[in-house]
Each structure stands twice: as structure tokens, then as C-alpha cells.
Amino acid sequence: IVVLLFVLAFLVLRPILISVLAGFLLAYILFPVFKKLDSKVKHENLTAFIVVLVVLLLILMPLMIFLPILTRQMINAYLYFQQIDLSSILHNLFPSLFESASVAADINSIASTFSSKISAILFSTIQNIASNLPSILLQMSIVLFTFFFALRDFEKLKEYFISISPFEKEYHAKFNDKFQQITNSVIYSQILAGIAQGIACGLGYFMFGVEGALLLTVLSIFFGIIPIIGPWIVWVPVDLHLFLTGNSIEGIGLLIYGVFVVSWIDNILKPMMVSKMAKMNSGIVIIGMVGGLFTFGIMGLILGPLILAYLLLIVESYRERRIKSIILHELEQAK
């Protein structure tokens, strides 16, 4: 019966599990702010409501500003790729490739297929955003609901989980330290790497003479801090604009710069920062982040390394032949 109840509880929570975990994570991150504010307000419900409201405004305001712009850009990009003659652009850039008729035919076929697939991807993305909007709003409400109660009852939840844990106190401290190390490192590395990527994008905009480079740099920093989205959402449309306006050389330069410099920061620098701050092997961190991303989505960037870190703690304890004293301590005391 107990196993059945756990299975049923998991099935109930599975569709909203990531949203619930996101709410708990927000509560963990902002609990110091809640505690400091509550010392002045002295009303837990009101303090938690204020913190949740501020976070909601910080999320909604950028979305209200940038989502229409982003949607418009995606629609324009979709219309552009439907009308673009990629073969002509390639012919102007690399005329020597079209000297052979068979090679030219292959390039034309590949270019046509590429344009069609890009258009299909953009259309599918726009369609998914529109159709999934009610689900996104529902998941967001669950995040905020969980965030409120986890923030208000943070200390009680912590004491409860400690009370049902089979581990000894010394291992509670180790798990807590590891959780703080990984969570803080992932969060701070995301912020620092996002700022670094945005600044790198800004240098590229200035180098290749993009108009409004300062504003685009600020937007790149903002989107660089957001997991998964990243600054590509700014520099890729900018690069397309360069090609559209006939600045092919600058467009190629920015494309190479974005792929080999900006992306390098996200793919190399961020895992190195997480590894150093979390005191874990960088290979384990990368595997945890990638595997967690595929399994849990955005939350997996934190959950993946965290799960592997917990597993390594238990394996290390077993290696030291102390697993029995860790897990069976309470059972032996009961006997």
C-alpha cells in the first residue's frame, strides 16, 4: 500500500514536478532576502507575498517588453527565409563553387532544403509558443504558489526533511554544504557567464559596425543571464540583418565570432566556473548539466550536478566502509 501510494503521488506530481522544484529553488535562493525583510515586517505571510510579487514583476516586465519584439522578429525571420534566395547569396560570396554545373545543382538543392527547414522550425516554434501559452501560465502559477509556501515555511521544511533522513548529523552537514556549493555555483556562474557573453557580443557588434551596438549589448547581457535562451537570440537576428542589408563580409565575420567566441564562453567557461566553485571535477559537472538538461529541462542544469554530487558522497562513504554507520545508525539505536 505504501509503495502504491508513493507511485500514485509521483504520477500526480510528475506533470508539475519541474515547476514545484523551481519554486523550492527560488525559495532557497531568496530565503536570506525573506529573512532580512521579515525582521522588519514581522509578518511571514506578508513578507513572503512581497518577495513573490517582486519576483513576479521582475519576470513579467521584461517579458512584456521583449516578448512582442521577439515574436515580431521570429515572424519576420520566417517570412524572410520563405523569400530568401540562398543560392544567389552563396553565388555572390563564393563564385568559384558554381563553376561546375553538378556542384552548382547540389548547392542549389541544399540551399533550398536548408531555407525550407529553417522556415519550418521558425513556424513550429511560433505555433508551439501560441498553443502552449495556457500551459506555460499554469506552470508559472504553480512555481509562484510553491515559492510562496516554501519561502514562508522554509525552516519547518528543512527540519522536517532532516527528521526523516536516515543519515547521521555529520552527513547532513556535508549534503547541505554540497547543495549550497553546487546551487550557488550554477546560479553565480550563469550570471557571470551571461554577463561575459553579453560583453563579448557587444565587442562583436562594435567591431563589425552594427547600429545600436550599446542597446544590443545590454539586451545580450540580459538574455545571456537567462538559462537556455542566451545571447544568441540577439546576435543571430543581428547577423541576419547584416546579410539582408548587403553587409555580407560583416555578416560572415559576426557569424564566425558568435560561433567560436560567444558560444565558447557558454560551453567551456561556464562548466569550468561551476567545477571550481562547486569543488567537483569539471567532467562530472558537464555530464551532470547536459544529462540533467535532457532529463529535467532548465532545472536539470542544477539538478544534474546535484544528483551526481549526492551519489559521489554516498559512494565515497561506501569506499571508506562507513555506509553501515551512516544509514543504519538509527536502526541500531532502536535495537
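**A salt bridge, aromatic pairs and a pocket**

The structure holds one salt bridge, a term for a side-chain nitrogen of Lys or Arg within 4 Å of a carboxyl oxygen of Asp or Glu. This is a predicted model, in which local features need pLDDT of at least 70 and side-chain atom pairs count only at pLDDT 80 or more, while totals for chains, interfaces and linings use all residues. Residues are numbered from 1 along each chain as its sequence is written, and side-chain values use heavy atoms, with hydrogens and water left out.

The partners in the salt bridge are D153 and R152, whose side chains meet at 3.1 Å, N to O. D153 has 17% relative accessibility and therefore counts as buried, whereas R152, at 24%, counts as partly exposed. Here buried means under 20% relative accessible area, exposed over 50% and partly exposed in between, with a 1.4 Å probe and protein chains only.

Aromatic contacts come next. There are five aromatic pairs in the structure; rings of Phe, Tyr and Trp (its six-membered ring) pair if their centres lie within 6.5 Å, and planes under 30 degrees apart count as stacked, over 60 as edge-to-face and the rest as tilted. The ring centres of F31 and F154 are 4.3 Å apart and their planes stand at 25°, so this pair is stacked. Because F31 belongs to helix α2 (residues 17-41) and F154 to helix α7 (residues 154-164), the pair ties together parts that are 123 residues apart in sequence. Helices are DSSP runs (H or I, at least four residues), numbered from the N terminus. F31 and F154 are both buried. For F208 and Y257, the ring centres lie 6.4 Å apart with planes at 65°, so the pair is edge-to-face. F208 is in the loop between α8 (169-207) and α9 (213-225) and Y257 is in helix α11 (residues 248-278), so this contact ties together parts 49 residues apart in sequence. Finally, F31, F34 and F154 form one aromatic cluster.

The second largest pocket has a volume of about 1300 Å³. A pocket is an open set of points on a 1 Å grid over the protein atoms alone, with protein on both sides within 12 Å along at least five of seven lines, and lining residues have an atom within 4 Å of a point. The volume is the space filled by probe spheres set on the points, which are joined across faces, edges and corners. Its lining comprises 31 residues, of which F24, F161, F179, L306 and Y310 lie nearest the centre of the pocket. The elements giving two or more residues to this lining are α2, α7, α8 and α13 (300-319), and α2 provides the largest share, eight residues.

How values were computed:
1 Å grid on protein atoms, 1.4 Å probe; cavity = no way out; pocket = protein on both sides within 12 Å on 5 of 7 lines; lining within 4 Å.
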